[in-house]
Each structure stands twice: as structure tokens, then as C-alpha cells.
Amino acid sequence: MIFRRILARVAGMLVVVWGAATAAFLVLKLVPGDPVDVMLGVSAQASPELKQSIRAELGLDQPLLVQYVSYLSRLVRGDFGTSYQLRLPVTDVIGQQLGYTLQLAAASLALALVIALAGAVLVHGRAARGVFSVLELLAISSPPFWIGLVLLSVFAFGLGWFPVAGADGIQSLVLPAMTIALPVAGILGQVLRTGLEDAEEQPFATTARARGAGPARLVLRHTLRHAAIPALTLAGYIVGSLLGGAVIVESVFARPGLGRVALAAITNRDLPVVMGIIVFTAIVFVLVNLLVDLAYRAIDPRIAPPTTAIRGAR
Amino acid sequence: MRARLRGRLGLISAALFLVVVIVMAIAPWIFTPIDPLTTDTSQILQSPGWGHPFGTDQTGRDVFTRVVYGASYSLGVGAGATAAALIVGVVVGTLVGLAPRVVDGVAMRGVEILLAFPEFLIALFAIAVLGPGPINVAVAVGVAALPAYIRVARAETLVVRRSGYVEAAKGMGMHPLRVAVSHVVPNTLRPLGVIATIGIGTTIVAAAGLSFLGLGPQDPTPEWGLLLSGGRNLLGQAWWVAFFPGAMITLTVVSATVVGRRLRRAREGRRS
Amino acid sequence: MTSSREVVRVSGLSVRFGQAVVVDSVSLSVSAGECLAIVGESGSGKTLTAKALLGLLPDGASVVVDELVIDGVDARRNSERDWRRIRGSRVGLVSQDALVSLDPLRRVGAEVAEVLEVHGAPGSGERMLRAAIVDAVTGLLGRVAVPEPAERARQYPHELSGGLRQRALIASALAGEPGILIADEPTTALDVTVQAQVLDLLSRLRADGLGIVVISHDLAVVAGIADRVAVMKDGRIVEEGATTEVLSNPQHPYTRMLLAAAPRLPEPSFPELVEGSVAGGFPSTGSGGGDGVAPVLRATGLGRDFRRADGGIRSAVDDVSFTVRAGAAIGVVGESGSGKTTLARLLLAFDEPDRGSVALEGHEWSGIPERRRRSRRGGIQYISQDPLGSFDPRYTVARIVAEGLRGDARGTSPGGRAERIRHLLDSVGLDASLEGRRPHELSGGQRQRVAIARALASEPRILVCDEPVSALDVSIQATIIDLLAGLRRDLGVALVFVSHDLAVVAQLCDEVLVMKEGRVVERGSTRDVFENPRHPFTRALVAAVPRMP
């Protein structure tokens, strides 16, 4: 029973990655324009013979289905193809830049968690909560690039505390991470606070208080766990914000990283890199969803397959 | 009592602000006599003050005027893309929700694959396919918003479909088509309308983000994301060039969110 | 009783929210080993009175009290910190539904242990070691008669049965050895047989010297355990006295009304069970063959299976057969999970049986396409426990009722329809002025009346009612039962009345089916079954029903 469920789960994950890869392949085949032109650069006036030989070399003259099968079989072997622009294997392009983005994402996530938790748990009293919820609303509604620019003009240009650009050391990580973290913290804080407030109104919270439990114990032993459940549903959104934020923030702060690679690949129509990033993102999301599911099970013992009718009752 | 008044005040100012922005989008000339594209070399990088409330940029264009004229694009994209995504989402989501289980299962796996990607990345990928440009930005953010609407429309359809009142209607011998028209669709649309109000904000931010990255309209078009992008190289000397367009986006999105949440609360209050 | 120690003494307790006075100068006292019941309907202020004894009133409540002594401690000027010291150690709380009153994400043992972690060892207040706490928890669960207490302590609330959960909740309230236990509707969510066991446990605790305050809407429930009863209405105690005195000789009109409204079950007699007498001969009630008229509804060998989580198959309904004659009222009783609701859904053809068949007015009703049923659905109508959920929230009362009108009525003039709607509302005792209201603006009783009016619109021959009065206050419950009885009498509508409440069924129905685990274990005339139950399960069920002395 358990073995079958794991198997089904893994199969489901593979289907999502396969679907993303297929969608990427199909959609990018629909892109107008000749990839060979992209490879050679707009200015280069290559002879038709040269173009034809390159096309044959890349397998672009084959029927679509053949291209698709060879694309998939290369994917399975971990071969994402070669960048048109950089003339490097896509895996190398992603691998070189992954570290920077991971660093940024991890720092942003940590900051967001700290801010959100502090805001949800420590802020008490109607007035303070009111002020905090307005701040959260502002953080959620502000475009990340604007937050980045405001932080830059205040803390880098104005006060000179942090460097304006680059990626060396902790100093250069603070403002970019803050830029991504603030909107995430806004949403997360809101969900956590609502979750805590909802849990506080549940009968079990009354029972706990009737046992003499104080506010700290109530939050740590009871309500925070309940608030974590809706917060977990945000995991996908948060990872999305981290990756999407990276595209903008790396551009604003002139940092290296996957976001820059993605942006360059999109503006230059470097299709293998775009496909590689799509498949990479799909893998990240599948893994995140798996972690979220495991976390749900760890938090909530009630999760179990429900009793179902033998025939569909719908 | 005081909290209630404060909430009221917030709601009223949010609604008023939205009205002002809408008027800006339709008739920008009401707010400013200056042309958004006119450069004035005698007025380069003036800080905010009389005559130029938001200052001027490096070619002496009035930032306030450009922000006012930028409303039409941002709001147009926000409303247009959201409306399109909403309509397609409701049609697809409702059909999927009412369809047999097999169709529903296959369709939802597809939507889940799309939902696996963050909206902004989908928009970016869409731009990769369509190529940069102002219209393509609108299409891209619309496409990016679509999966969420499909999912919510389907989920709401299922909730309504399993509700006591749909069962009651069935129990009275009502034809399924009539049940769908008089109960399922109206009750599904209600929450979606509320979500879309908030969604307009998300769409505006996403569209401005793509413009900011240089994938949308190009200079000298006044567009909020583009204005911001233009101001980023001037941050050290002229913060106002980037600040005011960004503040405008934030205030618009905040207002849409406040109004949307108020609608949602009103709806939930009626249910309980 | 006068000699024993007072554990609660309250006088002049008033609670108000803004201008509204919700508890008005309430005074009460409880001694060790005594049980006081506070009885009232929803909105009477009984629960707020209980919460005031724990200092757990919601934000925005302002309290005035002359005297408030909890287990020897003057709590009048208690700060939140002072209250925390008392809660759990001097006063314990048991609330309605342990499924939500125990933290669903924590193990039962952790919940029972919480008081010990907060207050330390009872009496001394010394910090307890892990192992000592585990031992104490096991002991406490054993004391409230939870079998295999050590194993149960490691389980989660949802893994325990309702009765065990409620016992665990009581154990957690007892952990700090308080002098007084506040029990707020402690058995309302339980089946009758389990309710009887929990009430029994509470009276044992009282006998051990615990002071108990029981809050309940149900006079019969508290009759068995309370020494004294206080009846509350609109925030005031309108009558207080020894339980037997109040129940046998009520002084206040409101108490008299409550007593009159409460449905009663006649006292059963238990003759010696003759081996096999139940299994062998079901009396053929409601067979309706004699008068030559086709019965309104006939169920033959109905069965419906569900797959369990472990992959096994559970028959929610198994081999159920019966007939309902025109104008008859048949009750279906059983505990939760006995298959009553599944049976009702099969009768309504909201669900298809796996075995057997249903016939409506002599024609097949199950196993045919829905489109062939549609035009006949007006003949069988449904009243659910949750009328609010059965109304489209956007609709007005008039529109809800109009939806029930049959096709032939739809053709008539708008004036004729309006007339018909007004007539229907009138027939269920609703004023025409309610026509424009939306469901959420109605009271619980009004909603149920609207649901009945809508059901009557299609002039049905039979109403299937699933726990239609269970969510209502006793006085409202009585009026709805009267209404249904009147409809049956005046319109000749047959009733299938599904309920967990034997007394309600006894009042309304002339035949009854007793269900257990999907099967009908006993059937017969209501009087026979309830006065001379023969199947052991029916006997247990009837014996467990709380009775007024």
C-alpha cells in the first residue's frame, strides 16, 4: 500500500517534469525566426550553405517527432543541449550561475521567515497589529524592482552602508535579499497572523487556556502549528517569488546569477538555455511540492486517504 | 467604533484613488497641460517643486506628466489582461468542473503543471516565445494569470456543485442545465470577481516588471515600469525619477487590494 | 451538603457587551461533591456565566461582580496572570466536542499532561520529571476508565472514539486536581449510549468530592446528575432549586414551557428476552398490502457499500426493506454511523443502491436514469438538518419557495404564483413580511420552516427528513415537530423521519426502524419498540435515554 503510493507519487513527479519539457519543446518550436540566425548573430551574413550545415549538425532538419525523441533522450541523460550564444553546454551555464542565485534565495527566504514570524508572533495589541498589517499590505503591493531601487537610494547612495552592485561578500547580499524578502514576508506574515488568530478562536485554544497555559505556551505548543498549515500552502508561491525575484533583483543590483542568464536568454532567443531553465524550474517545483507534502504529514496527523464510495458518487 | 471608522476611511480613500487613476487613464490632459514627450533642456533633473511636482528627468521631461500618461497603459494592461484571463478561466474552469471525472483529471494535471511555475516566470517564458513588445507583455501577463483562475473556477464549481442548494434543486426535479445557469455559474462568478479585483494589482506589477526589464514598450513611451527603469541610473543624483512611478504602482495596487478585500469580506460575511 | 466546603461562590455577576447585558446579576454557589446544572436555550447567557468562572470571557466583555470565590480563592480582582494560576489547578473546563476541544495536532497524552507542565505536581506545585508526567497521564486516563491508557496517550484525538475522546478531555481537566469542574454541554456531541457512560463518569467524580457545574440545553440530561438546577433565560436565573423540586413542581412559566416542550419517552419495561424472538419474527408493519393501495414508498433489500481507508468494504446500508403507506410516519433511529443518512439518500435517489431497489408510488425509482426521475421528484421531498446550506445564498425567501413550485404552477400568472407562495408560507406559520429576506437573515426555526414550505410547494406525497430538528432549541424544536405532525394530519403527507433522538421519534412517528451498523435490528410500532424493546441494542439505546424523574 505504502510502496504503491510512493510509486504513484514519483510517477506523478516525472509526469510534471515531462509535461513541462514537452510544453517547452512544442512552444519553442513555434517561435518565429530561424535559430541559426540567432546563433550566428544578427549582423553576420552567412551563406545558405553554412546555415544548412549547421542546421544538419543540430538535427534541426529532422522531422519534429525525431527531434522531440532525441531531445527527450538527451534530457534523460542530463544533456540540455548547447547555448547558441555562449557556445557552452546548458548544464554548465546553469551550474556556473546556480550558486549565486541559491545564495540569494536562501538569504531572502531566511529574512522573510524571520520578519514574518516576528511580525505574526511578537506583535500584540490592536494598534500595533493594525500598523503592521498596513506595512504588510505595502510590502505585498510594491513591485520588487521599486523596493530594490528605494533600498538602493536610501542605504547605498544615501547612507553608503552597502555596495550599489556586485556579488562579493555578505555586504552585497543584504539589499538584494531584503528586496526579495519584503513582499514574501508581507504575504507570509499575513497568512501566519490570520492562522494564529483563527486557531486562537478554536475550542482547543480555550481548553488550553483553561488549563492555565499562558500566551507564549499557547502560541508555541498549539496555535503556531495550526498557522503553519495555511502558510505551507504558500510554499510554491514563495519559491516562485524567490526565482522570479531573482530575475529582477539580479538585474537591479547587477549581480550574476540564474536570473541574469534567463533574462539574457529570453532577450537573445537563446532557446536551449530557455528550455533548460524551464525544465530546471519544473524539477525545483516538483521537489518543493514533495517537501511540502512531507511537511503536511509531519504537522497534521489527520491526513489520511478518506473513505470513498466504490462507484464515483459525483 | 474608531477602528470601524479607520477601516471606512481606508476603503474610501482607496476607492477614490482608483477613480482618480481611472480618470488619468482615460483623460490624462485633465491633470496636466504639458505633453509627456516634450523635452526641455533648460529643465534637466529639476527636483520636485512648484511647476514640476515630481521633478524632471535627464531630458527635462516632467515626471508628473509622464506618470499621469503612464496610467492608461498600466491600467489598460491590468484590466484587459485580467478580464481576458478571468473570462477564459471561468469558461474553462466551469466546464472542467462540470465535466466527467476523467476529463477533469487530465485537464487539472495540465493546469497543475502550469501552476508549478510562478506567474512571473510564465510571463517571461511567454515573452521568450512571443518576443518583446507592449502588446505581447499584455498577452504574457494574461496567460500567466490564467491557470490560477481556471483552478479557482473549477474548485468553486465543485463546491457549489456539492452544495446543499444544488442537491435541493436536483431534489425538486430541476433540469441540470437550469441548475447550472441559475445556481452554479452565478455562485461561482461571485468569488472570482473578488479575486480578479485583487488580481488586477498583480497583473499591473507583473506588466511593469516586464517593462522594467526592457521587454515591453520602449522609450520615450510613458509607462510606469519603463519610467522606473529609466530612473535607476540616476538614483545617486535624482531619486525622484524612479521613486514617483514606483509609488504610483504601489498605491494603485494597494487600493485595488483594499477594495478587493473589502468585497471579499462582505461576501464571506453574508455566507456565515 | 451544607456541612461540606463551598468550591464556588458567585454573587451579583453581570456581563455586558457595550450596552447589551448578557448576564444579569447571577448568583450561585456549589459545594464539594455537589453538582449544579445551569439550563437554558441558546442566548440565555449560560455559557458566558461558565466562562466567567474561568476568567475566559471574550474581549470586549465588561464584568461586574460582588463576590467571586473559586476553590477558596477570591478572584474578583484577578489579573490575567492570577487567573492563569487558578485555571487547571483549582478549576477545570470540559467543553462540548472533544474532537475540536483537544488540540487535533497533538497527542492525547500531551494534552492531558499540559496542566502538569504548566502547574507542576498537584498540591506541591513542584516541577515534574518527564517519566513522572507520563505515569500521571496514564493514571488519569485510567481513572476516567479509558482502556489501555498508555497506548491511548500516544494516539491523536481523531483516532479515538467520541466517548474515549470526551473521557480524555475530562482527564485533562482533572489533571491539576481542581476543586471544581465546569462542564459546558459535555455530552451534546455524543450518542445516547455514550452520553449515559459519560454522565455516569461525572456522577462518580462528584461522589469522589468534586464540585461540578454542568451547562446544558437539555433538562433531561442534567436530571440524572444534578443536585440542583438553575434555569437561565435572557441572562437571568429565573428559577433555582433542588432538581426533583424544579422538575416536578416548576414555579416559573419559562421552566414549565421548557418542560412541556421537551419530548419524552415512555418508561420501558424489559421482559425476559426470549431466545431468538427478535431475529425470527419481525412484525410486518407498514406492509400496506391489506388496503389494496400501492404504498407511497417501498424499499426492498437495500444495500450500499463504501470502501474503507484500509481497502476493506463497509456496508453502510445492508438488506433494508420497508414500506411507507400514504400518510404514515416512520421513524429511523440509530447512533452516528449506523447508516441512517445513507438510507435517506438512497430513498431520495441522491445515491444509487448497490443492492435492492426503491419504488415510489408503485413505480421503480432506483436504477433508472435521472431524466426519468426528474418529473416525479416533486412527489418526494427532502428536509435536511442544515436548511441554510440548502438555500442559494443569493435568493430571497419568496424565490426559494417559488423554486419548489411544480411545472404546472409555473405556467400560472405571476399574481397566482405570489398568492401560492404566500399561502405556502402561511401554512408553515411564516409571516408574508419575510418574503424579501435572505436565508442568513432568518433564525434557525424560520429557516427550517422555509425549507418545509419549499418542500410542500410541489405537493409531495412523502417527506424524507434527516435530523430536521437536531440543531434547534427545545422550544423551537417542539413547534417544528407540531408543524410536521399537523401537515401529516391535514395534507396526508407521509413522513420518513431520521433521527438520533428517540423521544422526538416517539412523539411524531407511529412506526420505527432501529438501525445498527447498516442493518435494521428491530422494527415495529413506536410504542411497542420503545416500551418493550426486544433486541439487546434497542434495549441499550432505550435505557440510555436520559429521563426526567
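Predicted model: local features only at pLDDT ≥ 70, side-chain atom pairs only at ≥ 80, totals over all residues.
Residues are numbered from 1 along each chain as its sequence is written, and chains are lettered from A in the order in which they are written.

**View 1. The two domains of chain A.** Domain 1 spans 1-77 and domain 2 spans 90-299; domain bounds come from an automatic or database domain assignment. Taken over C-alpha atoms, the centres of the two domains are 32 Å apart. Contact between the domains of chain A involves 13 residues of domain 1 and twelve residues of domain 2, two residues being in contact if their C-beta atoms, placed from the backbone, lie within 7 Å. On the domain 1 side, α1 (2-29) and α2 (35-40) of chain A each supply at least two residues, and α1(A) gives the most, with eight residues. Helices (H or I, at least four residues) and strands (E, at least two) are DSSP runs, numbered from the N terminus. The domain 1 side has twelve nonpolar residues, one polar residue and no charged residues. Ala, Val, Leu, Ile, Met, Phe, Trp, Tyr, Cys and Pro count as nonpolar, Asp, Glu, Lys and Arg as charged, and the others, Gly among them, as polar.

**View 2. The fold of chain B.** Chain B has nine helices and zero strands. Its C-alpha atoms fill a box of roughly 80 × 50 × 30 Å along the principal axes. Of its 272 residues, 50% count as buried (20 or more other C-beta atoms within 10 Å of the residue's own, with C-beta atoms placed from the backbone).

**View 3. The side of chain B that touches chain C.** Here 15 residues of chain B are in contact with 20 residues of chain C. On the chain B side, α6 (164-171), α7 (176-212) and α9 (240-271) each give two or more residues; α6(B) gives the most, with six residues. By class, this side of chain B has five nonpolar, seven polar and three charged residues.

**View 4. The packing of α6(B) against α7(B).** The axes of α6(B) and α7(B) come within 10 Å and cross at roughly 155°; axes are lines fitted to C-alpha atoms, for helices over the stretch in contact, and angles run from 0 to 180 degrees between N-to-C directions. The helices α6(B) and α7(B) are therefore roughly antiparallel (angles over 145 degrees). Tyr165(B), Val166(B), Ala169(B) and Lys170(B) of α6(B) make the contact with Val179(B), His183(B) and Val184(B) of α7(B).

Methods:
Buried ≥ 20, exposed ≤ 12 C-beta atoms within 10 Å, placed from the backbone. Parallel < 35°, antiparallel > 145°, perpendicular 65-115°, else oblique.
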